[in-house]
Amino acid sequence: MNRQEILNMPAGKKMNQLIWWKIFDMFPTPPNNDMALLPDYSGDMNVAWTIAKKFPEIYMEHKGKENFAMINDDFDSAVICETMPLAICRAALLAVVPVQ
């Protein structure tokens with residue numbers, strides 16, 4: 001997976017699945033193999049907080065329609081998105097997934 005793929009990935013099932021696997025180390029699938037049972041990490045701020053809590057440092061800022069997130073002062077993980085849950089997801093993936 002490369003940086004552009006992460007930055008272009010929309011909120012939804014695929015993003016939630018990657019968060020489930022890469023951030024929470026829950027591989028391969030949720031109970032009964034039902035991906036619909038995954039929490040909506042990329043669409044629900046209350047759920048996205050569980051991602052933020054996994055990192056010792058996360059910087060988030062909301063200004064107008066722009067939502068910024070960065071993990072551990074790592075500018076390679078810095079993103080600006082239309083929603084804060086999506087920004088948290090993308091920043092988290094950029095921080096932990098080896099980018100090709």
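Modeller: From the N terminus on, the elements of the protein chain follow the order α-α-α-β-β-β-α, where helices (H or I, at least four residues) and strands (E, at least two) are DSSP runs numbered from the N terminus. The radius of gyration, taken over C-alpha atoms, is 13 Å, close to the 13 Å that the globule rule gives for 100 residues, so the chain is as compact as a globular protein of that length. That rule is 2.2 Å times the number of residues to the power 0.38.

The model is predicted: local features need pLDDT of at least 70 and side-chain atom pairs count only at pLDDT 80 or more, while totals for chains, interfaces and linings use all residues. Residues are numbered from 1 along each chain as its sequence is written, and side-chain values use heavy atoms, with hydrogens and water left out.

Of the 100 residues, 38% count as buried; buried means under 20% relative accessible area, exposed over 50%, and partly exposed in between (1.4 Å probe, protein chains only). Contacts (heavy atoms within 4.5 Å) between residues 24 or more positions apart make up 45% of those with a separation of 6 or more.

The N-terminal end of α4 is capped by Thr83, which has a side-chain oxygen 3.3 Å from the backbone nitrogen of Leu86.

Strand β2 (residues 66-71) contains Asn67, which is buried at a relative accessible area of 4%. Among the residues that Asn67 touches, leaving aside those up to four places away in sequence, are Thr83, Met84 and Ala87. The side chain of Asn67 also makes a polar contact with that of His62, at 2.7 Å. A polar contact is a pair of N or O atoms within 3.5 Å; within protein, one must be able to donate a hydrogen and the other to accept it, and residues adjacent in sequence count only if both atoms are side-chain atoms.

Strand β1 is represented by Ile58, which counts as partly exposed at 23% relative accessibility. With residues up to four places away in sequence not counted, Ile58 touches Ala52, Met70, Ile71 and Ile88.

Helix α3 (residues 45-52) has Val47, Ala48, Ile51 and Ala52 as its buried residues. These cover an arc of only 160° around the axis, which puts them on the same side of α3; the arc is that of the directions from the helix axis to the C-beta atoms. At the start of α3, a side-chain oxygen of Asp44 comes to within 2.9 Å of the backbone nitrogen of Asn46.
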